[in-house]
Amino acid sequence: MEVILFISITFRQASVSSPAWTFGRTAMRRWDRLLDSYVEEYRARGVSAQSVAYTETRLNRWGRWLKGRRPRVGIEHIDAEMITRYIANCSSFRAKATVYATLSTMRGFGDYLVRQGLWKINPLRWMRGPKVTPYSRLPKRIDHAHLEAMWREAASRHGDYSSHFSA
C-alpha cells in the first residue's frame, strides 16, 4: 500500500512539474481537488468500495472530457448544453441503465458543486434518463440500413487502435 501511494504521489508531482502540463494546470488541479473531496464525502456515507471506485471512474472520465475541450471551460461555466454534449458523446451504443447511472453520478457531483458555491443551480437536476422504447431493441436479424448506420457510427469513433492506421 505504501509503495503504491508513494508512486502515485511521485507521479502526480512529476506530471504537475513537467512543462508539457503547464497549460490549464490550475483548472485541472482544481477539478482533481474537488473530485477527491467529493469522493471522500461519498465514501463517508458508507457506500461499498466498488460503488465508490465506479463513481470515481465515471467522474474522472467526465473530467478528462472537459479537460480536452478547447478553449478550456471553467467549472463555473459548465452549462446544460455542454453536459448534453458529453452525455451524447459517451452514450453511443450503451445500455439505458448505463447512461442513466452516468447521469445520476454526474447529478450527485453537480449537487456537490452547488453546495461548494461553484454552481448556482444544478442543470442536471431537470435532466432525465434516456427514453428507450421497447421497439428499439435489436431484432434477431438486422436489416441493411441499420447495419450501415452501426458501421458508420463505429467508424466515427477513434480509439488507440485506429491511431496506428496510416492514411
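This is a predicted model: local features need pLDDT of at least 70, side-chain atom pairs count only at pLDDT 80 or more; totals for chains, interfaces and linings use all residues.
Let's start with glutamate 41, which is partly exposed at a relative accessible area of 30%. The protein has 6 helices and 0 strands, and 25% of its 167 residues count as buried.

**Salt bridges**

- The structure has 6 salt bridges in total.
- One of them pairs aspartate 32 with lysine 67, with 3.0 Å between the closest N and O atoms. Aspartate 32 sits in helix α2 and lysine 67 in helix α3 (residues 49-67), so this bridge ties together parts that are 35 residues apart in sequence.
- Aspartate 32 itself is partly exposed, with a relative accessible area of 29%.
- Glutamate 41 meets arginine 115 with the closest N and O atoms 2.4 Å apart. That pair links distant parts of the chain, with glutamate 41 in helix α2 and arginine 115 in helix α5, 74 residues apart.
- Glutamate 41 also has a salt bridge to arginine 45, at 3.8 Å from N to O.

**Aromatic rings**

- How many aromatic pairs does the structure hold? The count is 9.
- One of the pairs is phenylalanine 109 with tyrosine 112, a stacked arrangement with 6.1 Å centre to centre and 20° between the planes. The angle falls under 30 degrees, so the pair counts as stacked.
- Both residues of that pair belong to helix α5, 3 residues apart, or about one turn of the helix.
- Zooming out, ring pairs connect Trp31, Tyr38, Tyr42, Trp62, Trp65, Tyr86, Phe109 and Tyr112 into a cluster.
- Tryptophan 65, a member of that cluster, has arginine 69 lying over its face, at 4.2 Å from the ring centre.

- Serine 37 is found in helix α2, which covers residues 25-44.
- This serine 37 is partly exposed, its relative accessible area being 30%.
- What separates the C-alpha atoms of serine 37 and tyrosine 112? They are 9.6 Å apart, although the two residues are 75 positions apart along the chain.
- Tyrosine 112 lies in helix α5, and arginine 115, the partner of glutamate 41, is in helix α5 too.

**Surface**

- Ile142, Leu147 and Trp151 make up a nonpolar patch on the surface, with about 300 Å² of accessible area together.
- Where does isoleucine 142 sit? Its place is the loop between α5 (96-115) and α6 (144-156).
- Isoleucine 142 is partly exposed, with a relative accessible area of 32%.
- For the protein as a whole, the accessible surface comes to about 12400 Å², and carbon and sulfur atoms contribute 60% of it.

**Overall layout**

- Read from the N terminus, the elements run α-α-α-α-α-α.
- Among contacts with a separation of 6 or more, 63% are between residues 24 or more positions apart.

Conventions: Residues are numbered from 1 along each chain as its sequence is written. Side-chain values use heavy atoms; hydrogens and water are left out. Patches are made of residues with over 30% relative accessible area and no salt bridge: like charges are joined within 9 Å, nonpolar side chains (Val, Leu, Ile, Met, Phe, Trp, Tyr) within 5 Å. Accessible areas come from the Shrake-Rupley method with a 1.4 Å probe; for residues, only the protein chains shown count as cover. A salt bridge is a side-chain nitrogen of Lys or Arg within 4 Å of a carboxyl oxygen of Asp or Glu. Helices (H or I, at least four residues) and strands (E, at least two) are DSSP runs, numbered from the N terminus. Buried means under 20% relative accessible area, exposed over 50%, partly exposed in between (1.4 Å probe, protein chains only). Rings of Phe, Tyr and Trp (its six-membered ring) pair if their centres lie within 6.5 Å; planes under 30 degrees apart count as stacked, over 60 as edge-to-face and the rest as tilted. A charge sits over a ring if NZ of Lys or CZ of Arg is within 6 Å of the ring centre and within 35 degrees of the ring normal. Contact means heavy atoms within 4.5 Å.
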